[in-house]
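The following report describes the packing and the charged side chains of the structure shown below.

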Amino acid sequence: MVNSVDFIKRLERILDYYGLTASAFADRIAVQRSSISHLLSGRNKPSLDFVLKVVKNFPEVNLYWLLNGKGNFPSSSTAVPKNETAPKMLPAPQDQKSLPEPNEKKIEKIIVFYTDGSFKSYLEI
């Protein structure tokens, strides 16, 4: 049995980690906004469908952590919260040319977008 008070605290921690409002979170996992409101107020208990949608849309959320607080959040040590940039790329090896030719285009920044709305940004150094 899931402890509702503790589940609510973990759900609020997820919202804070991703910087989402309850409405944005509901939209992200495709549930009605009122469902999130009822969960956060303690009126309703989470359904299995709700829990699975959270875990599917937020890979850093561990199922066992969400349900009973066991484990870690975020589950990946390399997780990068939304709107934070990842570490810079390593410089090219010495045997490759380091300066572009006069008319050659150079990569300045690479951004990888994930289906959960987060992204990682890599800058050329």
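The model is predicted: local features need pLDDT of at least 70, side-chain atom pairs count only at pLDDT 80 or more, and totals for chains, interfaces and linings use all residues. Residues are numbered from 1 along each chain as its sequence is written, and side-chain values use heavy atoms, with hydrogens and water left out.

| Salt bridge | N to O distance |
|---|---|
| Asp-27 and Arg-33 | 2.8 Å |
| Lys-53 and Asp-49 | 3.6 Å |

Accessibility is classed as buried (under 20% relative accessible area), exposed (over 50%) or partly exposed (in between), using a 1.4 Å probe and protein chains only. Asp-27 counts as partly exposed because its relative accessibility is 46%, and Arg-33 counts as partly exposed at 49%. In the other pair, Lys-53 is partly exposed at 22%, as is Asp-49 at 46%. Lys-53 and Asp-49 both belong to helix H4 and lie 4 residues apart, about one turn of the helix. Helices here are DSSP runs (H or I, at least four residues), numbered from the N terminus.

Helix H4 spans residues 48-57, and Phe-50, Val-51 and Val-54 are buried in it. Viewed down the axis of H4, the buried residues fall within an arc of 100°, so they line one face of the helix; the arc is that of the directions from the helix axis to the C-beta atoms. The face turned away from this buried side carries the exposed residues Leu-48 and Lys-56. The buried residues of H4 pack against helices H1 (4-18), H2 (22-29), H3 (33-41) and H5 (63-68).

Leaving aside neighbours within four places in sequence, Phe-50 has contacts (heavy atoms within 4.5 Å) with residues including Phe-7, Leu-11, Phe-25 and Ile-36.

Arg-10 is placed in helix H1. Arg-10 is buried yet has no salt bridge, and Asp-6, the nearest side chain of opposite charge, is 4.8 Å away.

Definitions and conventions. Helices (H or I, at least four residues) and strands (E, at least two) are DSSP runs, numbered from the N terminus. Lys and Arg count as positive and Asp and Glu as negative; His and the chain ends are not counted. A salt bridge is a side-chain nitrogen of Lys or Arg within 4 Å of a carboxyl oxygen of Asp or Glu.
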